[in-house]
Amino acid sequence: MTFTTNNTFYEKLEFLQETSPSIQNNFSTSSFIDITYSEISYVPSTFADYVEYQYAFYFGKDGTSGNNTINIIAKLLYSDDGGSSWTDWGENTQVFIGSTTSNTRSRGLCIIKFFLETSASGSRSAWLGNRKLKLWGKKQSGDVRLHQLMEFRGDSGNVSSNNFYYPSVQCKSIKV
Amino acid sequence: MTYLLDYENAEKNFKLVKTTVTAYDTVGTSWANVSGSQIAYTPNSGASKVIYEFSSAYGYLDDDNSLEIKLQIGNDLSSVGDVVTNNVNYYSSFGGTSSTNTQGSDMIALRYVLDVSSLSWTGEKTLVLQCKTYSSSSAKQSLVNCTTPTDDEVNDSLLFNPTVICYSI
């Protein structure tokens, strides 16, 4: 599902939301993999100095018997060839969410937000045409499940397998 | 309270300051400025509100890490103070406060709304966030502008570039 809007401030908002997400719980501690539903293709407005990238998702325990140590490391990648090859964005666009202790039992809705310059930097060319962005993820320890609300009791008093948070990714252009 | 925004005329005088950090802030036991949270801003003529937004991240130094934040305003950085009496509505807090290990890392996304008329805000003013540990505890320290996947913050911390935005409505 895609929505596009324009106004005088946040121009060219591109918003994608997955309304039928699948659980993602296949993260390893050794190598990064795609974080599902975090990918977006975007062409900035011509005036843009920055593109604001946002990815909203839920993370929590990997099932009722899952490990109580819950965390995820996410980093931003980009592609200028339609997704054939991907490069780290770099410039401090890697984050660790959660905790490495089981006492915390981390969980919650998280919005990862980066303000990305459209100008060239190092080997990265200026952002003038279509560029893809996505997040790679891995876990530091324990286990993690994305998109499904585990340890959610709601009104029934029981964990429901149907409680999902629909992840979304968006980009918009900013001029300073 | 509800504000209706006319998007053709809303969000004027937009200003963004992004700071590339080379080191994290260590949260201490007394209030100190948060790197990258400072912005000098003049409201748009006729504006009733100024929106201040701050984006960054925090990690842990102590196993039980906490973080208290408050917004300050003044004519310049040397003269900032509370936004209103007791700074009601301009505080926030993060992390854990018990003796159970937290070791928490998360994003920081703050939004504060300031009333232009009640502040008699006409020219440029400086806004900045200040932070300290919960209850000024020296055993509950966090780090700001980074996240921490391990307890080796010196080698493993992941720096995060803070961004502050102001605009008028």
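The model is predicted. Chain A has zero helices and 12 strands, while chain B has one helix and 14 strands. Across the interface, 30 residues of chain B are in contact with 25 residues of chain A.

**Chain A**

- The secondary structure of chain A consists of 12 strands, with zero helices.
- Along the sequence, the pattern reads β-β-β-β-β-β-β-β-β-β-β-β.
- Chain A has 176 residues, and 39% of them count as buried.
- Take the contacts in chain A between residues at least 6 apart in sequence: 76% of these join residues at least 24 apart.

**Chain B**

- One helix and 14 strands make up the secondary structure count of chain B.
- Along the principal axes, the C-alpha atoms of chain B fill a box of roughly 50 × 30 × 30 Å.
- Buried residues account for 42% of the 169 residues of chain B.
- Of the contacts in chain B with a separation of 6 or more, 81% come from residues 24 or more positions apart.

**Interface between the chains**

- The contact involves 30 residues of chain B and 25 residues of chain A.
- On the chain B side, the elements that give two or more residues are strand E1 (12–18), strand E5 (49–60), strand E9 (104–115) and strand E13 (158–159).
- E9(B) supplies the largest share of that side, with five residues.
- By residue class, the side of chain B that touches chain A has 12 nonpolar, 13 polar and five charged residues.
- Strand E8 (residues 94–99) of chain A is joined to E9(B) by two bridges, and the strands run antiparallel.
- In this region, A:Ser99 stands opposite B:Gly104 of E9(B), and A:Gly98 stands opposite B:Ser105 of E9(B).

**Strand pairing inside chain B**

- E9(B) also pairs with E5(B), in the antiparallel sense and over 10 bridges.
- Within E9(B), B:Met107 is the bridge partner of B:Ala57.
- Both E5 and E9 of chain B are among the elements that give two or more residues to the side touching chain A.

**Nonpolar core**

- The largest nonpolar core has 71 residues.
- The residues with the most contacts inside this core are A:Val51, A:Phe59, A:Ala74, A:Val95 and B:Leu71.
- Strand E5 (residues 50–60) of chain A gives the most to the core, with seven residues.
- B:Leu71 is in contact with B:Tyr52, B:Val83, B:Tyr90, B:Tyr112, B:Leu127 and B:Leu129, leaving aside neighbours within four places in sequence.

**B:Ser142, a buried strand residue**

- B:Ser142 is found in strand E11 (residues 142–144) of chain B.
- B:Ser142 counts as buried because it has 29 C-beta neighbours inside 10 Å, and the cut-off for buried is 20 or more.
- Not counting residues up to four places away in sequence, B:Ser142 touches B:Val27, B:Tyr58, B:Gly59, B:Tyr60, B:Leu61, B:Asn65, B:Ser66, B:Leu67 and B:Gly95.
- B:Ser142 and B:Asp63 are 79 residues apart in sequence, but their C-alpha atoms are 8.9 Å apart in space.

- Most residues other than glycine have a negative phi.
- B:Asn89 is not a glycine, yet has a positive phi of about 85°.
- B:Asn89 lies in the loop between strand E7 (81–82) and strand E8 (91–95) of chain B.
- B:Asn89 counts as exposed because it has 12 C-beta neighbours inside 10 Å, and the cut-off for exposed is 12 or fewer.
- B:Gln103 is not a glycine either, and has a positive phi of about 50°.
- B:Gln103 lies in the loop between E8 and E9 of chain B.
- With 27 C-beta neighbours inside 10 Å, B:Gln103 counts as buried, whereas B:Asn89 counts as exposed.

Methods: Residues numbered from 1 in each chain as written. Chains lettered and ligands numbered in written order. Predicted model: local features only at pLDDT ≥ 70, side-chain atom pairs only at ≥ 80, totals over all residues. Contact = placed C-beta atoms within 7 Å. Helix = DSSP H or I, 4+ residues; strand = E, 2+ residues; numbered from the N terminus. Nonpolar A, V, L, I, M, F, W, Y, C, P; charged D, E, K, R; others polar. Pairing = 2+ DSSP bridges. Core = buried A, V, L, I, M, F, W, Y, C linked by C-beta atoms within 7 Å.
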